[in-house]
Amino acid sequence: MSATEKHIHLPEGSIEKQTTKINLGPTHPATHGVFQNILELDGETIVSAEQTVGYIHRAFEKIAERRPLYQITPLTDRLNYCSAPINNMGWHMTCEKLLGIQTPKRVDYLRVIIMELARIADHLICNSVIGVDTGAFTGFLYVMQYRELIYEIWEEVCGSRLTTNIGRIGGFERDFNNIAFTKLERFLKEYPEVLKEFENLFVRNRIFMDRTIGTGPISAERALNYGFTGPNLRAAGVDYDVRVHTPYCSYQDFDFEIPVGKTGDTYDRFLVRNGEMWQSLRIIEQAYKKIQDMKGEEATVYHADVPEYYLPDKKDVYTKMEALIYHFKIVMGEIDIPPGEVYHCVEGGNGELGFYLISDGGRSPYRLHFRRPCFIYYQAYEEMIRGGMLSDAIIVMSSLNLIAGEMDA
Amino acid sequence: MALTYDLIRQRLTERFGDRLTNFEEPYGMLSFEAPKELNIEVMRFLYDELGFRFLTDLTAVHYPAYAGRELAVVYHLHNLVENVRLRFKVFTPVAQPDVNTATVLFESANWQEREAYDFFGVNFVGHPNLKRIMNVDEMDYFPMRKEYPLEDQTRIDKDDEMFGRGGSFDFGNRNEDGSPRTIPANEK
Amino acid sequence: MARPVSFNIKEKPLEKDISIASMPDGHQGEGFFATKLSDVVGLARRNSIWPLPFATSCCGIEFMATMASHYDLSRFGSERLGFSPRQCDLLMVMGTIAKKMAPVVKQVYLQMAEPRWVMAVGACACSGGIFDSYSVLQGIDQVVPVDVYVPGCPPRPEAIIDGIMRIQDLVGKESIRRRNSEHYKNLLNSYGIQ
């Protein structure tokens, strides 16, 4: 809401003026999410800013202390809801690390496909919303069509479009069927041209370049001090990517590059995300080929053999005793988690999404903390927009890909 | 020399002696405990000498079972060049939860400490702007502590009986005021 | 594994190229058409609703998908999304409303001009959703009167469109004097709105 309160005092006979304080948020156009900035402007130049968050604080960490492990997955969906599968997979990997479960290769490759599709979906929203904020609505409409195709692939696997709750501890709930792979092939065939056209709209566009080059820069040292990770840090020049540094889920088997920028301004962030989408396509193609090349027993497995945490097949539940007991214990939430502390991180759409899980041997975590990248790098927003203009502040906000659900948890 | 956990442990014990305790390596990450007065010194040592220049995570945990050490502040640090992570904790009693602020070293600690204050009540000494960040400013308790419930206690519209909380499970045997309900003779 | 059931596998031909809103009931003659004022006003209003998307969380992304070309919302007359409450008819609250955000919702509602409608999209806006915690408002009908509730977590774009169509029904059939009636005044007073 723009409730402008002017603090311009004009005393008798003097030409002194004061700065204007305006309120940017918590409701924004272009549906950025709920966070507020109180800006002090001198004309149109920003003198200082103060951020307030917490307008969508839903107490995830407290809710998680009440729920068994598999019931926390729907909560993780709602962290970075533009790329919900990455959060889900990250949480499952954290649980598997705590429980000592090793997933088979095919599960890893299927997870990689789903996570890279989620990364493409997240970056598509971010880049097209940068376009919308600079006035270019076409890119958004054009690219949402392919986001719908990604949603259809997820829907085929897990039944839901946005808050997917995809996968289980140990693997997936069902194998990917032919329709999912057909849609994936269609995506791999049609999407590169679309991305090329989207790129052509923006990357050498004079107006876009004038608006985004030089707005909201941050240097690599300041970015590291502020705890930046993800595309925003890579735009500043540091090539830190969790998939390469601490590979999880067999990412070391894939051949991909990490795009890195120079100055950390909005144009670099746009280009880094764009580059990452191309790399994600490469990874998906490699993973799909690896899955198709698998033969025999390992080509049909879609979950690890961990009966205590993965619901057994219905036909076993009806015929075998152990399966019946495990089914009962899992559904009634009577499985005790082994005690321990684990920290696991994945490369989310915004950077290093970490899960710090402390278990005391009960049925639900003792303490679960989400290391949320958006929350940590939003602190640097003031430093990035100081000295710029009001319209630049909007573009910087949308280029940082601030997702309110992840910021407030 | 490659930065292994043994080397880090050796350098830390050289510098701080036996004031650092509980060296463990659960699930592949070195974890130790420091007294709360030394937390900035330890972090500064790790920053300058051993290259742990990235604060990954700062959070707090409430352990009501440990008397005198109820609130723990947990720091996760990361050496990006050598790709080494570690975790260390400081414990503080809940009666006097003062911990030195890490904002002198890392800017990213600013909001994370405000979050720890908001949820647990850890008072970070020297923090530039220690006020609530997630919850409403008027809240007067620290919600993530174990003694407080998850749900909002001021709700009147929820049927507690259905959720197994409060209410009575007498299934129609009692009136609204608690007196036993009797069926009139002509309805029997 | 082939799916047992497939829907919508045959393409249906378009019946007409253009579909026009149907005429209200009335009395027609040589050069005149007499009908109720509320019908005409309702017809005009229902096909040109300007929504205010108050998108807070995940439902906002489903709304963005509804606005995009696949599930186009502008077919229903909502081409122009306003972000200023002074210019909008329909407040669509999409997503969780925390207690910190509740005064903002109320303020936005107060700034809207009559006639105004409110649609609660998503389980969190209807009733708090899966977040039964100390910081989440358990439904926006604690602070503003709501006309249509769209359940779902998040509701599919088809469900959001269904909600818009029900709003269109409400708008089309609303009586002219409703906003000045006793019943409406009592409703607003119960929320503390004068």
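The model is predicted.

**Chain B**

By that definition, chain B has 3 helices and 7 strands. Along the sequence they follow the pattern α-β-β-α-β-β-β-β-α-β. Chain B has 188 residues, and 32% of them are buried. Take the contacts in chain B between residues at least 6 apart in sequence: 49% of these join residues at least 24 apart.

**The sheet of chain B**

Five strands of chain B form an open sheet. Their order is β1-β2-β5-β4-β3, and the pairing is mixed. Which strands stand at the edges? They are β1 (21-24) and β3 (54-62) of chain B. Each has a single partner strand, so one side of each is left without a neighbour in the sheet. On average, neighbouring strands of this sheet are turned by 15° against each other, direction ignored.

β1(B) runs antiparallel to β2 (residues 30-34) of chain B, and 2 bridges join them. Glu24(B) has its bridge partner in β2(B): Ser31(B).

Phe54(B) is bridged to His78(B) in β4(B). Is β3(B) mostly covered or mostly open? Mostly covered: 9 of its 9 residues are buried. So β3(B) lacks a neighbour in the sheet on one side, yet its residues are buried.

**Helix pairs in chain A**

| Helix pair | Axes come within | Crossing angle |
|---|---|---|
| α5(A) (residues 137-158) and α6(A) (residues 178-202) | 10 Å | roughly 165° |
| α4(A) (residues 105-133) and α11(A) (residues 266-293) | 9 Å | roughly 155° |

Angles over 145 degrees count as roughly antiparallel. α5(A) and α6(A) are therefore roughly antiparallel to each other. α5(A) passes α6(A) in a left-handed crossing. From α5(A), the contact includes Tyr142(A), Val143(A), Tyr146(A), Leu149(A) and Ile150(A). From α6(A), it includes Leu184(A), Phe187(A), Tyr191(A), Val194(A) and Phe198(A). By class, the residues of this contact divide into 16 nonpolar, 2 polar and 3 charged.

α4(A) and α11(A) are likewise roughly antiparallel, given their crossing angle. Their crossing is left-handed. The contact of α4(A) with α11(A) has 15 nonpolar, 4 polar and 6 charged residues.

**Where the chains meet**

Chain C touches chain A. Here 31 residues of chain C are in contact with 28 residues of chain A. Three elements of chain C each supply at least two residues to this side: β3 (51-55), α2 (58-67) and α3 (102-111). Which element gives the most? It is α2(C), with 6 residues. The side of chain C that touches chain A divides into 20 nonpolar, 8 polar and 3 charged residues.

Chain C also touches chain B. In this contact, 7 residues of chain B meet 7 residues of chain C. The side of chain B that touches chain C has 3 nonpolar, 1 polar and 3 charged residues.

Key
Residues are numbered from 1 along each chain as its sequence is written. Chains are lettered from A and ligands numbered from 1 in the order in which they are written. This is a predicted model: local features need pLDDT of at least 70, side-chain atom pairs count only at pLDDT 80 or more; totals for chains, interfaces and linings use all residues. Two strands pair if DSSP finds at least two bridges between them. Helices (H or I, at least four residues) and strands (E, at least two) are DSSP runs, numbered from the N terminus. Axes are lines fitted to C-alpha atoms, for helices over the stretch in contact, and angles run from 0 to 180 degrees between N-to-C directions. Angles under 35 degrees count as roughly parallel, over 145 as roughly antiparallel, 65 to 115 as roughly perpendicular and the rest as oblique. A crossing is left-handed if the near helix is turned anticlockwise from the far one by less than a right angle, and right-handed if clockwise. Two residues are in contact if their C-beta atoms, placed from the backbone, lie within 7 Å. Ala, Val, Leu, Ile, Met, Phe, Trp, Tyr, Cys and Pro count as nonpolar, Asp, Glu, Lys and Arg as charged, and the others, Gly among them, as polar. A residue is buried if 20 or more other C-beta atoms lie within 10 Å of its own, exposed if 12 or fewer, and partly exposed in between; C-beta atoms are placed from the backbone.
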